[in-house]
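Me: I would like to go through this structure slowly, asking at each step what a term rests on.

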Amino acid sequence: MLRPDASSRARYLFVAVVVGHVLLISAQVGSPSGPSLFRLAFVGVVTETQRATWALVGGVRSVWDGYMALRGVRAENERLARENTELRVLLQQERAHAGAAEQLRGLLDLRARVPWTTTGAEVVAGSTSPDFRSVTIDKGLSDGVRRDMPVIAPAGVVGRVALPGGHTATVQLIIDRSAAAAGRIERSRTEGIALGNGDGTLRFEYLSATADVVQRGDVVVTAGIDGMYPAGLVLGHIERVERNGPSYRLVTIRPVVDFSTLETVLVLLAPTPVWTPAATARDEKVIR
Amino acid sequence: MIALRVVAFVLGGLVLQSALVRVVGGGAIDLGLVAVVSVALLYGRVAGLLAGTLAGLVQDALGGGVLGMSGLGKSVAGYLTGVVGTQFIVTQTVSRFLVFVGATVMNGALFVGLSVLLGLRHYDRPFLDVALQGVGNAVIGVLLFHLIEFLPGAREWWRVVLERRRKRRFH
């Protein structure tokens, strides 16, 4: 019996790997039933390894930072003393502003807190591929985090939970090429769909072409009609508007969240409320 | 031993990419692919194929995408790079640069093509994105090989690699 040589074996292996990948992709695309057990297990192993690596790197960095902090601590002290003085002055000003804001808050009858149950999470790693814009957070299924839960930062929308693991979860950033959210221009109340461009911006599509509804600098908030993001969360500002006759050719949104420095986020644990016009108006007031 | 080196190479590239994405936004460089191509040039097509599979699956899993999308592109790119490395002498800067660009184009064509075909992702300027990433990967890859050649004992090790390739080519 003839045995295949090394060259043939390599070719067979190549074909097997390619066919394996194609079958793997086929098994996932178009499947309506959430992530498979295989996927959850695989992702669990990988994310836990990533979390451990991140903890190790964090430990080494903390030791290094401690060493570096000892050097030049005197200069640091002097600088901090100067900053302290400046900050005290700023604090006085901020107290005055806070008093004014508190009065306005009372007048408008705003509630002081976000009405949803949230959990804080720390970003433990970025994406390992330039094709995906995602981060890994240190909260998972054991903390009540579930797929498609919105993730926000103080400035605005971060994204959604794409894949929760046991103790970690992958969050798809709103700027990912396959991310989307229903948005509304705050000034004109016009709705559209904000889609990730993959390059740090969003494009705003399906806008009405009948009126001049978009201007550079307009604030775009979530519309709350996509069943995922509650209404009123800030998505970003209109950065660029290009028209092609009466219709809009390209509307670009610059997100308010700085994804490169993201360290802590909030996951909205409660399900997104069913949209009603009254609820939407109320939610917008609360969040913003 | 080679398997451990390959795994270390790939995981090192992915960890660096993870840090890079957060600092500079990523996009223009795929260190996972750079690691796969380097492995294929150093250890041959089977190593490149398996390194591509490993790197791609990890990227898909952590990125939240469809498992196998990155793996397919990187496996094919790794295998073909290994074939090119065996059939041709890839020791000059220009030839290495072209190999990295070619591998990026192959990987990009499969990933972007499948993504668009399946309606999973949107690309405004796919050709420009892939071309820019090809140049970025090639610059990093060429610098990496220069660095490897400067390491102690690298000259002898490189001679062994080339000798092994020469034998594969003629037997």
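Reply: We can begin with confidence: over residues 106-113 of chain A the pLDDT stays under 50, where pLDDT is the predictor's confidence in each residue, from 0 to 100. For that stretch the model has 4 contacts beyond four places in sequence, two residues being in contact if their C-beta atoms, placed from the backbone, lie within 7 Å. Residues 279-288 of chain A also have a pLDDT below 50, with 20 contacts in the model beyond near neighbours in sequence. Where pLDDT is low, predicted coordinates should not be read in detail.

Me: What is the average pLDDT of chain A?

Reply: Chain A averages 78, and 78% of the residues score at least 70. This is a predicted model, in which local features need pLDDT of at least 70 and side-chain atom pairs count only at pLDDT 80 or more, while totals for chains, interfaces and linings use all residues. Residues are numbered from 1 along each chain as its sequence is written, and chains are lettered from A and ligands numbered from 1 in the order in which they are written.

Me: Why is H4(B) called largely enclosed?

Reply: A residue is buried if 20 or more other C-beta atoms lie within 10 Å of its own, exposed if 12 or fewer, and partly exposed in between, with C-beta atoms placed from the backbone. Because 16 of the 19 residues of H4(B) are buried, this helix is largely enclosed by the rest of the structure.

Me: Which parts of chain B touch chain A?

Reply: In total, 42 residues of chain B are in contact with 39 residues of chain A. Helix H1 (2-24), helix H3 (45-63) and H4 of chain B each supply at least two residues of that side, and the largest share, 9 residues, comes from H3(B).

How values were computed. Helix = DSSP H or I, 4+ residues; strand = E, 2+ residues; numbered from the N terminus.
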